[in-house]
Amino acid sequence: MPSQSPQWQVTCRHPLIGAEVRGVSLRLPLDAQTLGWLHSLWMKHLVLIFPDQSISDEEHIAFGRHFGELEIHPSVSHRSSTNKEIYRVSNVGEDGSIIEERASAWQYINLSWLWHTDSSFRQIPSKGSILHGIETTTNGGHTKFANMYAAYEDLSSEQKHALEGLKVIHDHDFIIKQSKELSSREDKGSYVQLPPVSHPLVQRHPITGRPSLFLSPHTMVCIEGMPEASSRKLLDELIAHAIQPKYVYRHIWRNHDVIMWDNRCTMHSVEPFDNNSIRRIMHRVTLEGEAAPVAA
């Protein structure tokens, strides 16, 4: 790891996942040494929390681009109208008012309450995401992150052997099917069409070389070549195993927290809140992946 600046403080938030980083400004261009240090911390802790970062969308985008190209989200209505790289994880419209419950955009954003891995529905999934809490709440709306390395490591040898070679079908349209309300209506919203893709159930991280479970419950249709009932039973068992508290960091947001996580070895969810009356505005940039997942 590059030498550590004495002005920076790193504090673990959970024994297995998540560290708070203070002393670095995300508003400023970062030199190679700083980026190397941050990347090493990211690979070690999987989730980095940067408190008190009152950044603009443009600064958010610039920070993200230090780590790679940025995705454009397939949900058209959730893109920022001024910066297409910004995905608005928000129950508040750009006009400043809470989106009506009947709106497709409101229904879609609620699906972030399910455990998932960002962009698992792409042929080359995202390598990471960076989320800025602009207007947050402590009445729910907390985000939970699970360490998928540790979840895999704790499986028995027999369980690991049973997962070898298994592939899972991921489909963006499967997200919409998780909402009875949204899937039943004719107008489901406007989305870029993406075909279903197949990814290994156990993947090897391209940087660390470590194996991890690759789970994304809101996009996983089935395990290839396995009867539907057996496929769902196995996936549900793995999900229940992976979200045990010992693997999960629960983040209680404060305004202008910025969180960066590695989608190649984590999954996350949002705890429900009263999004008919409580405002929650979060902006995200999503880092493009560099290669399709490789089976461990």
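Let me start with the rule for ring pairs: rings of Phe, Tyr and Trp, the last by its six-membered ring, pair if their centres lie within 6.5 Å. Planes under 30 degrees apart count as stacked, over 60 as edge-to-face, and the rest as tilted. What we have here is a predicted model. How many aromatic pairs does the rule give? The count comes to six.

Take Trp-42 and Phe-67. Their ring centres are 5.9 Å apart and their planes stand at 70 degrees, so this pair is edge-to-face. Trp-42 sits in helix 1, residues 32-45. Phe-67 sits in the loop between helix 2 (57-65) and strand 4 (87-90). The pair therefore ties together parts that are 25 residues apart in sequence. Buried or exposed? Trp-42 is buried, and so is Phe-67.

Next, Phe-50 and Phe-63. The centres of these rings lie 6.0 Å apart, with the planes at 80 degrees, so the pair is edge-to-face. Phe-50 belongs to strand 3 (residues 47-50) and Phe-63 to helix 2, so this pair ties together parts 13 residues apart in sequence. Buried means under 20% relative accessible area. Phe-50 has 0%, so it is buried. Phe-63 has 2%, so it is buried as well. Put together, ring pairs link Trp-42, Phe-50, Phe-63 and Phe-67 into a cluster.

Now the strand that carries Phe-50. Side chains in a regular strand alternate between the two faces of the sheet. In strand 3, both faces are covered. Val-47 and Ile-49 are on one side, Leu-48 and Phe-50 on the other, and all are buried.

What does strand 3 pair with? Strand 2 (residues 19-22) runs parallel to it, joined by two bridges. There, Ala-19 stands opposite Leu-48. Strand 13 (residues 258-262) pairs with strand 3 in the antiparallel sense, over four bridges. Ile-49 has Ile-259 as its bridge partner in strand 13. Helix 1 comes in here too: strand 2, helix 1 and strand 3 make a right-handed β-α-β unit.

What do they pack against?

Strand 5 is mostly covered, with six of its eight residues buried. Five bridges join it to strand 13, in antiparallel fashion. Seven bridges join strand 5 to strand 15, again antiparallel. Look at Ile-130. This residue stands opposite Met-260 in strand 13. Ile-130 also stands opposite Val-285 in strand 15.

Which side chain makes a polar contact with that of Ser-120? Thr-219, at 2.7 Å. Leaving aside neighbours within four places in sequence, Ser-120 is in contact with Pro-125, His-170, Val-197, His-199, Phe-214, Ser-216 and Thr-219.

Last, two charges over rings. Lys-160 lies over the face of Tyr-152, at 5.1 Å from the ring centre. The charged end of Arg-210 sits over the ring of Tyr-149, 3.9 Å from its centre.

Note on methods. Residues are numbered from 1 along each chain as its sequence is written. Side-chain values use heavy atoms; hydrogens and water are left out. A polar contact is a pair of N or O atoms within 3.5 Å; within protein, one must be able to donate a hydrogen and the other to accept it, and residues adjacent in sequence count only if both atoms are side-chain atoms. Contact means heavy atoms within 4.5 Å. Buried means under 20% relative accessible area, exposed over 50%, partly exposed in between (1.4 Å probe, protein chains only). A charge sits over a ring if NZ of Lys or CZ of Arg is within 6 Å of the ring centre and within 35 degrees of the ring normal. Two strands pair if DSSP finds at least two bridges between them. A crossover is right-handed if, with the strands pointing away from the viewer, the path from the first strand over the helix to the second runs clockwise.
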